[in-house]
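Student: I would like a close look at one part of this structure. Please take a single residue and its surroundings, and then the contact between the chains.

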Amino acid sequence: MSKHKFRASTLPVLATVGPVSLWLAFFVAIPLLYVLVMSFCSIDENYNVVFQFTLANYRNLLDVNYLQIYVQSILIAFFATAFCLVLGYPFAFLISRTFQSRKTILYMMVIIPFWTNSLIRIYGWRTFLGASGWLNRALTALHLIDSPVEFLFNRGATVLGMAYVLFPFMVLPLYTAIEKLDQSQLEVSADLGARGGATFFNVVLPQTVSGVFSGCIMVFIPSLGYFYVADILGGGNSDVIGNLIERQFQSGNNWPLGAALSIILIAVTLLLVKLYQKCGGDMQSLGV
Amino acid sequence: MRRKKSERLRRRAGAVYCGLIYAFLFLPIVVIVVNSFNATESKPYLSWKGFTFDWYGRLLQNAALLDSFRNTLLLAAVSTILSTIIGTIAAVGMFKYRFRGKSVIDALLYIPVVIPEIVLGIALLTLFATVNIPRGMLSLVLAHVTFCIPFVIFNVRARLDGYDQSIEEASMDLGVGRLKTFFHITLPVLAPGIGGGALLAFTLSIDDVIVSYFTNGQTKTFPLKVMESIKSGVAPDVNALSTLILVFTVLLVVLTQSGLIRRLRRKR
């Protein structure tokens with residue numbers, strides 16, 4: 001270790017870290033603090049923001065209709081996360097345990113759907129599930145149903161949509177964690193007479209639990225905010241917290257109330273990230 | 001013997017399972033591609049009315065849609081370049097130097113990654129509205145660079161993990177300047193990380209709906225154009241454009257992954 005690593009001269013530090021610091025200060029720290037300030041502001045009769053301290057926005061958050069939507073939003077996020085985890089774990093396990101040559105292709109095929117805009121893909125689901133969509137037609141043709149079933153415009157459809165857009169965010173951290181597993185450990189466990197289930201709970205799961213945690217965080221938190229999924233598939237019957245915020249910044253035009261709603265999302269995020277770190281989660285595995 | 005048989009059975013079940021998951025992932029894309037050739041305009045394209053290329057022809061005449069797509073490409077290119085430059089030098093600086101406030105920067109970097117996009121969107125909207133930054137391409141670039149920077153930094157940082165600084169010291173001991181050392185020694189080592197970060201930034205920017213939705217003003221990007229049209233049902237030429245984008249990106253990956261480009265170059 002040479003000494004001059006620690007004697008950081010100011011110029012190179014400023015030149016390298018200066019731009020990013022300014023950027024983060026101006027476009028992350030200040031805007032978020034400003035949202036916090038705004039959540040305590042009032043509005044005048046023209047819906048302009050007035051810098052006058054009030055707790056009214058937070059009191060309005062306790063509105064019964066809003067409380068219902070928080071619960072609904074958390075349930076939707078929970079089921080979407082569970083859906084991704086239950087389907088994604090075995091999937092990530094299988095694709096990370098194939099031959100090297102095939103692995104890259106299988107991995108890329110999880111990412112390729114990303115390059116078609118998520119809005120259009122969600123709309124594709126709507127076409128597929130619609131009252132006269134392909135699924136209903138197929139089921140009718142097979143005489144499984146007599147009249148079309150409405151699959152859309154309910155919470156289930158929104159859960160499916162959220163799980164669909166966020167599925168790769170569950171699979172990729174799981175894949176990374178499972179890939180690090182040592183194959184010989186599984187063999188040893190089996191040779192010692194452990195059944196599949198025992199091997200899974202005692203050997204596999206403990207070593208991949210970090211992937212489970214980061215996958216769950218990366219699915220749960222965004223599902224609270226993806227308002228367009230709830231719009232397109234839920235049709236207004238399954239709003240999430242994101243819809244409430246969006247409305248205040250578009251048609252409702254009550255920015256301070258929207259800011260207070262955003263503070264809830266920030267608080268939930270911080271809480272979950274803290275919990276994640278408490279469970280031994282590594283921040284770096286949230287990134288990529 | 002029996003064990004072998006059950007092993008084969010298990011393997012086949014695994015393959016079927018993976019196939020079902022891929023079907024789930026690609027199903028809406030199949031819907032889009034099929035409908036881009038479907039000769040019906042009644043939405044949302046319930047039945048197959050014959051094969052047509054009409055929508056691809058009509059796409060070329062839809063100036064507003066093509067415009068929005070050009071905006072998306074321009075926005076993604078500019079945001080990728082800016083975030084890659086800022087992110088790369090930041091990652092190098094954070095790796096090499098110790099300074100006050102480093103942990104603050106580290107913490108701030110994770111905010112755009114974990115926070116719901118809508119919060120970043122409205123936070124930037126309120127800032128832009130207050131300090132009077134005109135909403136349009138400029139505000140979109142500022143917003144996109146903000147959520148791209150962390151991903152570039154994480155990618156470059158992963159590459160720096162096993163980086164041996166002594167080669168830089170050797171270079172400087174030989175009398176090469178700091179900047180020249182950076183361009184000739186540091187940068188080539190980091191290239192894969194920088195490339196990966198840039199690719200990720202480009203992908204994020206192109207697909208972004210929510211942050212753009214709050215910061216765009218009158219400028220329409222392709223996803224926003226789609227959002228606008230969704231109320232009346234996505235128009236068939238949007239399906240055509242999506243199909244073209246998909247084919248193009250898949251080709252690009254196949255070419256780069258298969259090493260075809262490298263082989264062609266060697267031939268020449």
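Tutor: Start with B:N71, which has a relative accessible area of 16% and is therefore buried, since buried means under 20%. Keep in mind throughout that this is a predicted model. Setting aside residues up to four places away in sequence, B:N71 touches B:M137, B:T219 and B:K220. For B:K220 there is also a distance to note: a polar atom of the side chain of B:N71 lies 3.0 Å from the backbone oxygen of B:K220. In that pair, B:N71 supplies a side-chain atom, while B:K220 supplies a backbone atom.

Now turn to the contact between the two chains. On one side, chain A gives 85 residues to the contact, and on the other, chain B gives 88 residues. Together they bury an area of about 7800 Å², and 79% of that area comes from carbon and sulfur atoms. Between chain A and chain B there are 0 salt bridges. Polar contacts do occur: counting pairs with both residues at pLDDT 80 or more, 9 residue pairs are in polar contact between chain A and chain B. On the side of chain A that touches chain B, helix 1 of chain A (residues 10-38) provides the largest share, 20 residues. Sorted by kind, the residues on that side of chain A are 60 nonpolar, 20 polar and 5 charged.

Technical notes: Residues numbered from 1 in each chain as written. Chains lettered and ligands numbered in written order. Predicted model: local features only at pLDDT ≥ 70, side-chain atom pairs only at ≥ 80, totals over all residues. Heavy atoms only, no water. Contact = heavy atoms within 4.5 Å. Buried area = accessible area lost by both parts, 1.4 Å probe. Salt bridge = Lys/Arg side-chain N within 4 Å of Asp/Glu carboxyl O. Polar contact = N/O pair within 3.5 Å; in protein donor to acceptor, adjacent residues only side chain to side chain. Helix = DSSP H or I, 4+ residues; strand = E, 2+ residues; numbered from the N terminus. Nonpolar A, V, L, I, M, F, W, Y, C, P; charged D, E, K, R; others polar. Buried < 20%, exposed > 50% of the residue type's maximum accessible area, 1.4 Å probe, protein only.
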